Amino acid sequence: MIVNMPHLRIIACCALLILTIGVMPPALGRDVRDDITVSAYAAPSQILNVLDIYENLLETSRYVGFGAQVGFRPRPENGDWFEKAFNYPEFGLGLWYQPLASSLQFKGDSHLGNMLNVYGSGNWNFLKNTRVSFGPAVKLGISIAGSKYSSLTNQQNLYIGTNLEYFVAVGFEGAVKLADRFALTFAVMGLHHSNGKQGVPNYGLNEVCLSAGPKYYISRASVHKDTPTTPVKPEVRDFLTLSPYLGTGFHSCERIWTATGRQGAAPMYQRLMAGVDLAVRYHPVFSSGIGLDMIYTPNIADVKACDKAQYPEEYGGLSYCPVYFGLSLLQQFWYKRFEIHVKIGYYLFKHLGITEDWGKTYQKIGFRYSFRNNLYLGFDMLAVRFDSSDCLEFSIGYDIPLVRNSRIPAL
């Protein structure tokens, strides 16, 4: 099935936004005694020369963006083991404005548009004391792009293909307290914008940036008098878990679009996914296992037609099947009911011809939120060659405990 309706991209972006800023920070077990922080920052940035963006589009590549963020900080007196194990991380919601169109100079008539990023954030501290904190940080959300590729008016902007993009920033963030409730924050991060193959051409935008700005700490009064507590390491109840899932995503094939003369918008195909993970949780934070991942793609007829037109000699000896599946190694990292995972896999069966042949290996990186009834919602980026997104996957699954710790009673 070919999907050309733009609102499907909006649905996908909104689903990711709900997962990142609607589930991630508030639903991690926020305590009434958490503190709130309010911060603002300026972010000088450098666009990197990836896929010849300097030669194709940019005359200048440096600009200054601006952002603001609200954060939630747990206190030690909450007595939560995960908060202590992760050194009392801060989660937040933010806006980041990037004035690309008004700050950069471009070649010819093509250009980038200004971008507004809406994101959820996390900051985990390796170093933390009464005056200084420092550690890894991530921002994840969606971007509203003011301009995109057009075959008529913006031909050289091959880097932003849709008005709604996905946004991720990864790096390190720190703070120096100058007073009891006032601090100066600083960060260095790498940024990436992409639509995850939901529209082509979309090479993506890659940047590095520094940021700095003030932060104000708003302390919330405790409901009752705090008592000293020593967090107790929780025992893992579900030691071995089987987790089947169903998912869907969308994929635009740049090779098919190119083969058909780049006429009009690239066709977007819905993909269906199913699979099962088998994982051993040997620590409250870590679990490892294997996964079986299956994908159904309905564009096999278009793939065959392109192969027949472009590779007539090889076409006759090829077989095609819309279903392909692989086996993967899985590593999971847990924070309460929130989980981040990485998969590295190999396709055991894959016959997609030449046009869609990206090799036998695949990778997944994503996250999920587990509910108390064992259901979970997930989001994954399916990638090939470690550097190219193949599809964005939204999933729902169910955890089936196979081996449990008998010393822990069922809830």
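User: Hi! Which ring does the charged end of R368 sit over?
Analyst: The ring of Y376, with the charged end 3.9 Å from the ring centre. A charge sits over a ring if NZ of Lys or CZ of Arg is within 6 Å of the ring centre and within 35 degrees of the ring normal. R281 has its charged end over a ring too, that of W334, 4.4 Å from the centre.

User: What should I know about the model itself?
Analyst: This is a predicted model, where local features need pLDDT of at least 70 and side-chain atom pairs count only at pLDDT 80 or more, while totals for chains, interfaces and linings use all residues. Residues are numbered from 1 along each chain as its sequence is written, and side-chain values use heavy atoms, leaving out hydrogens and water.

User: Good. How many aromatic pairs are there?
Analyst: A search of the whole structure gives 22. Rings of Phe, Tyr and Trp (its six-membered ring) pair if their centres lie within 6.5 Å; planes under 30 degrees apart are stacked, over 60 edge-to-face, and the rest tilted. Take F82 and Y335: their ring centres are 6.2 Å apart and their planes at 70°, so this pair is edge-to-face.

User: Where do F82 and Y335 lie?
Analyst: F82 is in helix α3 (residues 81-85) and Y335 in strand β14 (residues 323-335), so the pair ties together parts 253 residues apart in sequence. Helices (H or I, at least four residues) and strands (E, at least two) are DSSP runs, numbered from the N terminus.

User: Are those two buried or exposed?
Analyst: F82 and Y335 are both buried. Buried means under 20% relative accessible area, exposed over 50%, and partly exposed in between (1.4 Å probe, protein chains only). Ring pairs also link F82 and Y335 with W81, F86, F91 and W124 into a cluster.

User: New topic: which residues of helix α6 are buried?
Analyst: In α6 (residues 300-310), they are I300, V303, C306 and D307. They cover an arc of only 125° around the axis, which puts them on the same side of α6; the arc is that of the directions from the helix axis to the C-beta atoms. On the other side, A301, K308 and A309 are exposed.

User: And what about the bond from V200 to P201?
Analyst: That peptide bond is cis, with omega near 0°. P201 is found in the loop between β9 (182-194) and β10 (205-218).
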